[in-house]
Amino acid sequence: MFMKDSSMKKSVKFKVALLIQVLITVFYKLIALKGSTLHDILFWAVMGLGIYIFYMVFGYFCHSCKKNQIMKGFFSYRLPSDTCWHCGEKID
Ligand SMILES: [Zn+2]
């Protein structure tokens, strides 16, 4: 599966995970099949991906200046890129 591709850049991996999360969440809200297997699968997919993204956000630091690459502040977030937003150091 492409999510497990280790050659994929961390910033790209994060954006893909975030995109899939949004898509699944929308799909989950659209279908009203409570109790069905698909509903359960989607629920756990959303939960699992949510935890994955959560850990990625908190573990995404620049090696050089130690700034978090996603959380700039409590209410300030950004999408990660290949280089640090603060010092310009390469992340991957
Ligand atoms: Zn930095």
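UniProt, in an unreviewed entry, lists residues 42–62 as a "transmembrane region"; positions from that record follow the numbering used here, feature names are shortened, and annotations may be inferred rather than shown by experiment. In the model, the end C-alpha atoms of residues 42–62 lie 33 Å apart, and the span is 81% helix and 0% strand. The model is predicted: local features need pLDDT of at least 70 and side-chain atom pairs count only at pLDDT 80 or more, while totals for chains, interfaces and linings use all residues. Residues are numbered from 1 along each chain as its sequence is written.

**Overall make-up**
- The protein has 2 helices and 0 strands; helices (H or I, at least four residues) and strands (E, at least two) are DSSP runs, numbered from the N terminus.
- Of the 92 residues in the protein, 4% are buried. A residue counts as buried if 20 or more other C-beta atoms lie within 10 Å of its own, as exposed if 12 or fewer do, and as partly exposed in between, with C-beta atoms placed from the backbone.
- Contacts are pairs of residues whose C-beta atoms, placed from the backbone, lie within 7 Å. Among contacts between residues at least 6 apart in sequence, 38% join residues at least 24 apart.

**Helix α2**
- Helix α2 covers residues 37–58, has 22 residues and reaches 32 Å from its first C-alpha to its last, close to the 32 Å expected. The expected span is 1.5 Å times one less than the number of residues.

**Packing of the two helices**
- Helix α1 (residues 10–30) packs against α2 at an angle of about 150°, with axes 10 Å apart. Axes are lines fitted to C-alpha atoms, for helices over the stretch in contact, and angles run from 0 to 180 degrees between N-to-C directions.
- The two helices, α1 and α2, are therefore roughly antiparallel, a term for angles over 145 degrees.
- Residues of α1 that meet α2 include Phe14, Leu18 and Ile24, and their partners in α2 include Leu49, Gly50 and Ile53.

**Two individual residues**
- Tyrosine 28, in helix α1, is partly exposed, with 16 other C-beta atoms within 10 Å.
- Leaving aside neighbours within four places in sequence, tyrosine 28 is in contact with Leu42, Phe43 and Val46. The C-alpha atoms of tyrosine 28 and valine 46 are separated by 8.6 Å.
- Lysine 66 lies in the segment after α2 and is exposed, with 10 other C-beta atoms within 10 Å.
- Phi of lysine 66 is near 65°, a positive value in a residue other than glycine. Most residues other than glycine have a negative phi.

Technical notes: Two residues are in contact if their C-beta atoms, placed from the backbone, lie within 7 Å. Angles under 35 degrees count as roughly parallel, over 145 as roughly antiparallel, 65 to 115 as roughly perpendicular and the rest as oblique.
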